[in-house]
Amino acid sequence: MAKEKQIFYCKECGNEYSRWLGQCPFCKAWNSFVEEKVTKTRSNKTIAASDRPKATSIKNVSSSEESRIATRISELDRVLGGGIVKGSLVLVGGDPGIGKSTLLLEMCRNLVEDDVKVLYVSGEESMSQIKSRAVRLGGTAGSDKEALKEALIEERLMLLSDNDMDNIENQIDSLAAEVVVIDSIQTIEAANVEAAPGTISQVREVTSRLLQVAKQKDAAVFIVGHVTKEGTVAGPRTLEHMVDSVLYFEGDESGGFRLLRANKNRFGSTNEIGVFNMTDRGLEEVLNPSEFFLTGRPEKSSGSVVVCLIEGTRAMLVEIQALCTDSSFSMPRRTSVGVDYNRVNLLTAVLEKRGGISLSGCDCYVNVAGGLKINDPSTDLGIVMAIASSFRDRAIDDRTVIIGEIGLAGEIRAVRNIVQRIKEVAKLGYTKAIIPKSNYCKDIEGLGVEIIYTANIRQALDAM
């Protein structure tokens, strides 16, 4: 007989309690509890002792490298760690309209072209809406051969518009799908849980069943998750712990720039990023992010500096802009976009104390062009030089790249992967680089870039 009980879940960590609490004892979050009535049925199924799993020595367990499927979207393969791992469960999150469904549909089109059995399940759109979007992404065929190819892809790509978890499992079994896309997890409903779709209990149950499908059927499952206003995936925080990989889509909805990051990846690095550009024909890969981020950079303009940062295994050149103006307030303003606000305040204090530049009567604004968010400490020297350039109204050479981390004593500390950074500088045609003195290396001398070594802020300002 079904028994109904009242449970309070913490939205942050997913722990459940029998009564409401102002603060979660586990994650210390305030006002994070939500009430749900859950109906559970007792199961009479018993497992014989002989059928239960037994502990095995690690020596007797066979291991092999993960079998991967290439998506033919190099930026996505980079973030996933080399392709889709069979039997994995991947969560894709992002703001509404950012391009999650578009990216996954483009991935499905490429997979079916390589004879991979794909099932695209949508609980939000009808099958005709999905097809319309797929045709729009494919564009207009320019020849009979391309038209035949498009028809073949449409024949192999299987669509399902349903939110019943039982039917979804049956369709996965009958089609023997190798890759499954669920769009989105908040719309799918499990019949054995008496709660509305999208609630914590439903999301947890559906994800648990999809995890079993992925491991038992050796199928890769992608689930799309809505995000809250805080930018995290809606539902219990344990959802991110259950899946193998968590991918987040970032970017400005009004612009075409998109970033794909891996916040968790059991089969690859979490430092890699994928760069995309949203167009009228879907998402296009940005194979040279440095050139993309530097497009439209002003020439001979004060406060504009080019820095080189490392994202995963990729070196990228990015423009940092700064603006210093006389303040009309008793307390000058400090504003930053794309850079940590506290970091800018710290660097401003170091510049005043160690660099001899008084900014107490100036408003300082720092911006990373292109909408990119950076946290690489090697951009510290670039931020300081951009502020000093704007304060003195003196432009820095347009073909100069600035690299270095700054300490509180005003020293410029060494950064990692200096050879890779200088190679990227040379590839983009820049002729000069200001780097830390402790990064001296003979391997960067013959790359065609003039290297200026600096040990502290005053030496860097003199070089400017």
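User: What classes of residue line the largest pocket?

Analyst: The lining of the largest pocket has 11 nonpolar, 14 polar and nine charged residues, where Ala, Val, Leu, Ile, Met, Phe, Trp, Tyr, Cys and Pro count as nonpolar, Asp, Glu, Lys and Arg as charged, and the others, Gly among them, as polar. This is a predicted model, in which local features need pLDDT of at least 70 and side-chain atom pairs count only at pLDDT 80 or more, while totals for chains, interfaces and linings use all residues. Residues are numbered from 1 along each chain as its sequence is written, and side-chain values use heavy atoms, with hydrogens and water left out.

User: What volume does that largest pocket have, and which residues are closest to its centre?

Analyst: Its volume is about 680 Å³, and of the 34 lining residues, E250, G251, L259, R261 and K373 are the closest to the centre. A pocket here is an open set of points on a 1 Å grid over the protein atoms alone, with protein on both sides within 12 Å along at least five of seven lines, whereas a cavity is a set where a 1.4 Å probe fits but cannot get out; lining residues have an atom within 4 Å of a point. Grid points are joined across faces, edges and corners, and a volume is the space filled by probe spheres set on the points.

User: Which strand gives the largest share of that lining?

Analyst: That is β12, with five residues; β11 (245-251), β12 (257-265), β15 (304-311) and β18 (362-368) each supply at least two. Strands (E, at least two residues) and helices (H or I, at least four) are DSSP runs numbered from the N terminus.

User: Staying with β15, is E311 buried or exposed?

Analyst: E311, in strand β15, counts as buried at 9% relative accessibility, given that buried means under 20% relative accessible area, exposed over 50% and partly exposed in between, with a 1.4 Å probe and protein chains only. Leaving aside neighbours within four places in sequence, E311 is in contact (heavy atoms within 4.5 Å) with R261, N271, E272, I273 and M316.

User: Switching topic, which residues of helix α5 are buried?

Analyst: In α5 (residues 165-175), M165, I168 and I172 are buried. Seen down the helix axis, the buried residues of α5 fall within an arc of 55 degrees, so they line one face; the arc is that of the directions from the helix axis to the C-beta atoms. They pack against β7 (118-122), β8 (158-161), β9 (179-183) and α6 (200-217), and just after α5, A176 takes a positive phi of about 50 degrees.

User: How many cavities of 30 Å³ or more are there, and what lines the largest?

Analyst: The count comes to one cavity of 30 Å³ or more, and the largest cavity has a volume of about 60 Å³. R68, L80, G83, I84, V85, S88, V90, F222, S245, N265 and F267 line the largest cavity, and they divide into six nonpolar, four polar and one charged.

User: Last one: what is the secondary structure of the protein chain, and how much of the chain is buried?

Analyst: The protein chain comes to 12 helices and 23 strands, and 47% of its 464 residues count as buried.
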